[in-house]
Structures are given as structure tokens and as C-alpha cells.
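I would like to walk you through one structure, slowly, and then leave it with you.

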Amino acid sequence: MTSLGTSLIFRSFNHTNSEHDPNDKQRIAAHNYFTDSTRVGRSTRPRASQLVRANYGGDDHNSTRGASVINVKPVNGCMTNIIETAPHIQKKIEIGQEDADGAENWMMGKLIEGGSAFRQNFFIRSYEIGPDKTVNLETIMNFLQDAALNQMIRSGVAAGNAFGYSKTMSLMKLIWVVTRIHIQINKDSSWGDVLEVDTWFVPVGKYSYHRDWTIRDRKTQQIVIQATCTYLMIDTETRKCSKIPDHIREELKPSTPQYAYQKKGGNIEKINKLTDEMTDISIRSNLVLGWSDLDLNQHVNNVKYLKLIMQSVPADILRDYSMRSITLEYRRECTEHDVIESLTSVDRSKPRLSGATGIESTHLLRIQDNKAELVRARMTWQSRGRSDISTNGYHK
């Protein structure tokens, strides 16, 4: 028995240059090991084309789903197939030159607009997309949260590894909680896209701050998502809303702009409460959150509620429609041991978007035993052609 180790090295697509830089940052290496039976004096080492077929299940090079062998040569005594990606894949992994501040700014972001706003890039990975080949909303909300927290760290406001609150807030045992968030989706993003997230926050009244985000496709600079949310300050001991002290406002002032970069608001219509008596309502019961759903403040993170809401959305909506906007109103905390019900009602009678292909859905999360409200939500959806979802290839 002999062992043949074969490295399939994926390289960026290049029509004109057959010489490949071994330090190419875009290379992804996947190692596949084959064991072959041999007879004395005769080797049954597979040919390069056989190796490609073995890994991709096809009969020719075109079956590599966007890859083709352009070179076969021995590396460290093993046959190595240099594979180039097809153009539709390569364009997803072109992230361009990093800025002058290097990898730190790429990963952790940087302050912009004189320190009153923040910018961070996010690369969409394969495990962050759904069956429709687009990035899922939970990932987008995590990007929003990550950029907001990193702004506090970069500006020097955050207390050590605190979850977005200042040094004074930490001493006074005060934290931020999201009470409302609105997200408008202008264009879907998919695996390999790089999103450029800009964010800033401003005080509103005595009790709250507003935070806004603008998300662009880094390559095209097209705005793909806009979002805004409202924060309240909560006392961690009483769990009640607190007026924002003046000295905390002063502490945050250097990190806040003197004006808002985008219009506030979004869809501010009242979200109607769903009840069991309503017709055409979908209910999922016995939903439970666990220890892994808690954040550093020991409460269920606002992003986790979205997963529960989606549990009751009808399958045909998820399959045939793309979400265009979502508004979430957080009304009460829940604990890791609460049993939760998710309710969804879809209004198909009148379009909520331009044209005749938009619909609206209303949602409610509540404690199952006492029916106490946790979250109200509203979503708008745009019909998509069946060709948008396929078993092969990327989202169109």
C-alpha cells in the first residue's frame, strides 16, 4: 500500500498570467488524501483529471463548479493541482488593498469624521448565508452590534472589555438596552461580499440615544442596508429605565456628531398586537432559550429574539419572498428558562411595497404561560422570481 497526498490549491482567476505568486493572499488550500492499491512494479497513481473527478464528482474539468485545472506539478514529492476559480467566484473574493493602517483597521475598524463616526469592514462567510444564497438577517444584526461596540472601544469610551458602556456607566451599574430597531434592506448580499459599515450615535431627549448605520458594498459603494435604533439606559440592579446623567453625556460627547448624517425614523407606524382570536395566524409554542443565548449583561441579546420570531413565519414566505424591512420593538426581558410562543400573521390583501408583489407580516413573541409580551415586530417582503433560488450557483 502506498499513500498519495494531494493538495488542491485554489487560486484567484487570472486570464492572462499563468505564473502564480506563492504568497497570493487569496489562495485557499484544501488537502485531500488518497490511498491507492498497487501491484509490485506497477503504480496506480491517479492522473490529475481523476483527482479532480474524485473531489468534485464530475466527468470532466467543468464539473469542478467554477474551477479548472491549469497546472499539474509535483510539490514535496506529491502531485499538486493548481486550480483557478471562475470569474463569478473570483469577483466575490476581491477585497482590494487594505487602507494604510493595515490589518488592525480592517478587522477592528477605524474612527472617521473626526472621531464622531466609525467604519468597519465585514466579509460574508459561507456559513452566514441561507438556502436563498443571501446573507441572513441575524448576521447583519450581529455586524451592526459589532460595529457599535467597536466604536466605543476605538474611541476610548468603553470600560475595558465592557459591553458598550462607558467607565462611569460601569461604576454606576448602568447599561444600554435596545428598545427599537428598524432595518431597511435595499439589496441582498451574498457569500464573498465585503460590507462597509458606518455608524454613529446622537442623544435624543433625557432618556435615550439614537444610533444609525449605513452599510455599503465595499466594491461598488452602493448602499445596501440602512438601520436606526433607540437605546435606553437601564439600572442593572433595579432593571428600570434611568435618566442619562449629565456627566455621562459629557463622557460620550466627543464620540457623537453635531448633526445626524441620515434621516431618522423609518417605518414608525404602530405595530398591532396579535391575539389568538385572529384568523390566518401561525403559532409556534414551547420555544426555549438557553445559557448560550445570554450576553455579557446576563440577559438575552436582542439578536436572539429574531431567531424565535422566524420560527413561526410560513415556509412559503421564506421561500418565495425577500425581506425588505424589519421593525422590532422590545417590550420585556426574558430569562434563559422562559418558555416562549412565536406568532405570525401575514397580510396578503394589500401590497405594502411598490408594485403588486409586496406583502407585510406582523409578529409577536410572548411568554407562553402568562402571555406577557416580549417583542412586537413588523416585516415587509418583496416577491422574488423562482429563478432567484437554485440548487447550483449563486444568488442572482
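The chain has 396 residues, of which 47% count as buried, and its secondary structure comprises 8 helices and 16 strands. If we take the contacts between residues at least 6 apart in sequence, 68% of them join residues at least 24 apart.

On confidence, the mean pLDDT of the chain is 74, with 64% of the residues at 70 or more. There are stretches where I would ask you to be careful, including residues 260-267, where pLDDT stays under 50 although the model has 22 contacts there beyond four places in sequence. Residues 386-396 also stay under 50, and for that stretch the model has 21 such contacts. Where pLDDT is low, the predicted coordinates should not be read in detail.

Now to the helices. Helix α4 covers residues 137-154 and helix α7 covers residues 302-310, and their axes come within 10 Å of each other and cross at roughly 170°. An angle over 145 degrees counts as roughly antiparallel, and α4 and α7 are therefore roughly antiparallel to each other. On the α4 side the contact is made by Leu137, Glu138, Met141, Asn142 and Gln145, which meet Asn302, Val303, Leu306 and Lys307 in α7. Sorted by class, this contact has 4 nonpolar, 3 polar and 2 charged residues.

Staying with α4 for a moment, its 18 residues reach 26 Å from the first C-alpha to the last, which is close to the 26 Å expected at 1.5 Å a residue. Its buried residues include Leu137 and Met141, both of which take part in the contact with α7, and also Phe143, Leu144 and Met152. After α4 comes Gly156, which has a positive phi, near 80°.

What does Ile309 touch, if we leave aside its neighbours within four places in sequence? Its contacts are Leu328, Ser342, Thr344, His363, Leu365, Val375, Ala377 and Met379. The C-alpha atoms of Ile309 and Leu364 are 7.2 Å apart in space, while the two residues are 55 apart in sequence.

Not counting residues up to four places away, Cys334 touches Leu289, Val300, Tyr305, Ile340, Ile367 and Leu374. Between the C-alpha atoms of Cys334 and Ala372, which are 38 residues apart along the chain, the separation is 9.8 Å.

Finally, the backbone. Most residues other than glycine have a negative phi, and with that in mind I would point to Lys173, which is not a glycine and yet has a positive phi of about 60°. Lys173 sits in the loop between α5 (167-171) and β7 (174-185), where it is partly exposed at 42% relative accessibility. Arg239 likewise has a positive phi of about 60° without being a glycine; it is placed in the loop between β10 (223-235) and β11 (241-242), and it is partly exposed, with a relative accessible area of 34%.

Terms used. Residues are numbered from 1 along each chain as its sequence is written. This is a predicted model: local features need pLDDT of at least 70, side-chain atom pairs count only at pLDDT 80 or more; totals for chains, interfaces and linings use all residues. Side-chain values use heavy atoms; hydrogens and water are left out. pLDDT is the predictor's confidence in each residue, from 0 to 100. Contact means heavy atoms within 4.5 Å. Axes are lines fitted to C-alpha atoms, for helices over the stretch in contact, and angles run from 0 to 180 degrees between N-to-C directions. Helices (H or I, at least four residues) and strands (E, at least two) are DSSP runs, numbered from the N terminus. Angles under 35 degrees count as roughly parallel, over 145 as roughly antiparallel, 65 to 115 as roughly perpendicular and the rest as oblique. Ala, Val, Leu, Ile, Met, Phe, Trp, Tyr, Cys and Pro count as nonpolar, Asp, Glu, Lys and Arg as charged, and the others, Gly among them, as polar. The expected span of a helix is 1.5 Å times one less than its number of residues. Buried means under 20% relative accessible area, exposed over 50%, partly exposed in between (1.4 Å probe, protein chains only).
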